[in-house]
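Here are my notes on the charged pairs and one surface patch. Have the model open while you read.

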Amino acid sequence: GQAFMVQAASNSATLYFNTSIRKHGLSTFYKNTENEDVGYFTLYVTSPQDQYNKTRFYFRDGMTKGLDPSYDVGKMKGNPDLALYSILLQDNGKHFAVQALPYFEEDYAVPVGIDVSQEGQYTFEAGDMEQVPDDVYIFLEDLKTGGITDLKKNSTYTCFLDEAGSITGRFVLHFTLSPFGEKELLQDNTIQIHAYNHIISVYNPEGEIGTLSVVNMLGQPVLHTALSGDENQQFILETVTGYYVVHVVSDDMMISEMVFLL
């Protein structure tokens with residue numbers, strides 16, 4: 001049998017089928033097992049109660065960074081205690097169980113979200129890595145801790161989630177064409193990040209162009225803006241007193257610094 005799911009707008013929604021397009025007997029089998037120039041990767045998460053959930057990424061020529069109907073699959077979230085999902089690179093405000101992307105044409109940094117009903121220790125695990133070419137690297141970045149895990153070398157990452165609810169600003173899954181270690185990372189004495197009161201200052205003598213993002217210790221995004229290439233940039237944040245993590249990313253570097261804002 002061939003089946004599909006429909007997500008209704010409400011419990012009382014009515015679904016209409018055009019009976020004239022029904023098929024009986026010989027017809028095209030829509031689910032194709034051919035894998036021409038495609039790849040996929042699955043990310044799992046296990047909760048302290050040994051529940052697990054997953055989200056999948058699908059790579060194929062002709063896909064886009066936005067919504068690809070019939071390929072991108074929305075997350076139904078049937079488990080109220082645990083849900084793992086991704087957010088489209090061209091975010092449309094929805095959460096996805098399956099995200100389709102072009103077949104490894106460039107580096108992808110995909111936001112990953114997780115909904116949990118309670119705090120505790122959660123373990124992420126990579127699956128289906130044999131479907132990813134050998135020259136493509138997979139990294140899981142934890143924006144709260146600043147940690148980056150090479151999932152092809154160490155397929156699991158365990159962390160503590162200290163809040164319940166929807167966490168969408170903490171984890172990023174990177175599919176890259178070169179390992180982070182081979183990028184020309186800038187040293188601390190080349191690009192410097194300082195904080196005073198509620199101002200973050202960035203000293204950028206090499207004129208790097210990229211992005212700067214700030215997250216709080218819950219992994220929630222506070223600021224996302226451009227690194228303009230100016231030697232000195234300042235960013236004013238009207239935030240509560242506490243520690244924050246600043247991430248600076250350009251084509252040839254990625255650094256993270258923890259700062260304290262008054």
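1. Start with Asp-128 and Arg-56, whose side chains meet in a salt bridge at 3.0 Å, N to O. The term covers a side-chain nitrogen of Lys or Arg within 4 Å of a carboxyl oxygen of Asp or Glu. This pair ties together distant parts of the chain, 72 residues apart: Asp-128 sits in the loop between strand E7 (120-127) and strand E8 (137-142), and Arg-56 in strand E2 (residues 52-60). Strands here are DSSP runs of at least two residues, numbered from the N terminus.

2. A word on the source: this is a predicted model, with local features needing pLDDT of at least 70 and side-chain atom pairs counting only at pLDDT 80 or more, while totals for chains, interfaces and linings use all residues. Residues are numbered from 1 along each chain as its sequence is written, and side-chain values use heavy atoms, leaving out hydrogens and water.

3. The cut-offs are under 20% for buried, over 50% for exposed and partly exposed in between, using a 1.4 Å probe and protein chains only.

4. Next, Glu-106 and Lys-65 form a salt bridge, with their closest N and O atoms 2.9 Å apart. Again distant parts of the chain are linked, 41 residues apart: Glu-106 lies in the loop between strand E5 (96-101) and strand E6 (108-116), Lys-65 in the loop between E2 and strand E3 (73-74). Glu-106 is partly exposed at 34%, and Lys-65 is partly exposed at 28%.

5. Then there's Lys-77 with Asp-115, a salt bridge at 2.8 Å, N to O. Lys-77 is in the loop between E3 and strand E4 (82-86), Asp-115 is in strand E6, and 38 residues separate them. Lys-77 comes out partly exposed at 31%, whereas Asp-115 is buried at 17%. For the tally, the whole structure has 4 salt bridges.

6. Finally, have a look at the surface patch of Phe-4, Val-6, Leu-15 and Phe-17: it's nonpolar, with about 460 Å² of accessible area together. Patch members need over 30% relative accessible area and no salt bridge; nonpolar side chains (Val, Leu, Ile, Met, Phe, Trp, Tyr) are joined within 5 Å, like charges within 9 Å. Areas come from the Shrake-Rupley method with a 1.4 Å probe, and for residues only the protein chains shown count as cover. Phe-4 is in the segment before strand E1 (38-46) and, at 62% relative accessibility, counts as exposed.

Key:
Helices (H or I, at least four residues) and strands (E, at least two) are DSSP runs, numbered from the N terminus.
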